[in-house]
Amino acid sequence: MKRVLITGSNGLLGQKITELFSRSKKYEILNTSVEDKPFLPNVDNFHYRQLDITSRSSVLKLIDDILPEVIINTAAVTNVDLCETERALAWRINVKGVENLVYAAKMIGAKIIHFSTDYVFDGKNGPYHESDRPNPLSYYGRTKLASENLLLTSGIPHTIVRTMVLYGVANQVKNNFALWLVDNLGEGKQVRVVGDQICNPTLVDDLAYAVLKIVEFNRDGLYHIAGNDLVSRYDFAVELAKKFKFDKKLIIPIKTSILKQPAPRPMKSGFIILKAETELSIKMSGVEQGLTVFRNQLINARSVDDDPDFMF
Ligand SMILES: NC(=O)c1ccc[n+]([C@@H]2O[C@H](COP(=O)([O-])OP(=O)(O)OC[C@H]3O[C@@H](n4cnc5c(N)ncnc54)[C@H](OP(=O)(O)O)[C@@H]3O)[C@@H](O)[C@H]2O)c1
């Protein structure tokens, strides 16, 4: 059995990776996140320990204790606007935290799989290939690029996965774009959605499956992994409204500049995912298929947890 350590396992991606890996008998999984308790109580064959990746002594102690062969780092501060204003915090978690993991991995010869973002690009001429030159606009993007560079110069085996606009259903996670749309449109509320940001929305379950393949095939290097369709956020919202039979007229297209967000966003983003699909033997969902999976998961999750009259 391969020993796998997952950090940030209470997050959206961390939960999906945990669920998927724990279904296979090939892995012994140790889950860690910053909270005392796991948000995934019903998954078999994994153990949970609290771990703050910004504490070098805690990271060293835990890794020395369990000797993982693979460390999957999903821990991060992902709020882009918060990173812009709370720069020390962003650097401590997104860069120093990764430095701690690299330091500990080096001691025992472990491999790291790490996640980065399309926000390392300036969004002037996406969709981007792995070989395109990064030029982050935001502080979040700069922290993620710095974390990539730490791994590149670390000398340890590693895989960097850049992804974007994750959506999916998991326990107690922060609202992602699709969940925010469902919650608002489901209550008949109007939403303003940018029409000038182009991206590949990514079903988080597909990304977790790609990570499983990275481990199975023992792939190193850099991969762009995102959904198959390049769309504006507005187009995605309209597709979601169709899928859930919400009123499309509640979605108001706006320009990004109106929002006056602290962190600038890449406008014409997107990834070319050919390398990942070919080398990992995966097929990433497009918007239609991804939203079908998302809707079914949401129906299951909410009809189990909530009141019987619940209709999104
Ligand atoms: N979500 C996206 O659209 C997106 C797009 C591109 C790239 N990514 C990258 O993909 C990865 C996973 O993202 P995600 O959406 O799953 O994020 P997420 O849901 O915010 O999960 C991150 C998890 O890390 C935890 N964490 C924060 N600080 C920590 C620390 N010091 N030690 C240990 N755990 C800590 C968070 O806990 P708290 O919630 O309590 O802070 C959270 O549970 C990240 O590297 C992110 O940058 C995400």
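## The ligand shell

In this predicted model, helix H1 (12–22), helix H4 (87–108) and strand S5 (111–117) each contribute at least two residues to the shell around the ligand. Of the elements that supply this shell, H1 gives the most, with three residues.

The ligand is surrounded by 28 residues, and the closest of them are Gly8, Gly11, Leu13, Ala75 and Ala76. Sorted by class, the shell around the ligand is made up of 14 nonpolar, twelve polar and two charged residues.

## Helix H4 against helix H5

H4, which supplies residues to the ligand shell, also packs against helix H5 (residues 139–152), at an angle of about 15° and with the two axes 9 Å apart. H4 and H5 are therefore roughly parallel to each other, the term being applied to angles under 35 degrees, and their crossing is right-handed.

On the H4 side, the residues that meet H5 are Arg87, Ala90, Trp91, Asn94, Val95, Val98, Glu99 and Val102, while H5 brings Tyr139, Tyr140, Thr143, Lys144, Ala146, Ser147, Leu150 and Leu151 to the contact. By class, this contact of H4 with H5 comprises ten nonpolar, three polar and three charged residues.

## Helix H4 against helix H2

Helix H2 (residues 56–66) is another packing partner of H4, and here the angle is about 30°, with the axes 9 Å apart. That angle makes H2 roughly parallel to H4, and the crossing of H2 and H4 is right-handed.

In this pairing, Arg56, Val59, Leu60 and Ile63 of H2 meet Asn100, Leu101, Tyr103, Ala104 and Ile108 of H4. The contact of H2 with H4 has, by class, seven nonpolar residues, one polar residue and one charged residue.

## Confidence in the model

Across the protein chain the mean pLDDT is 95, and 96% of the residues reach 70 or more. Residues 307–312, however, have a pLDDT below 50, and this stretch makes five contacts in the model beyond near neighbours in sequence.

## Drawing the parts together

Notes: Residues numbered from 1 in each chain as written. Predicted model: local features only at pLDDT ≥ 70, side-chain atom pairs only at ≥ 80, totals over all residues. Near = placed C-beta within 6 Å. Helix = DSSP H or I, 4+ residues; strand = E, 2+ residues; numbered from the N terminus. Nonpolar A, V, L, I, M, F, W, Y, C, P; charged D, E, K, R; others polar. Axes fitted to C-alpha atoms, helices over the stretch in contact; angles between N-to-C directions. Parallel < 35°, antiparallel > 145°, perpendicular 65-115°, else oblique. Left-handed = near helix turned anticlockwise from the far one by under 90°. Contact = placed C-beta atoms within 7 Å. pLDDT = per-residue confidence, 0-100.
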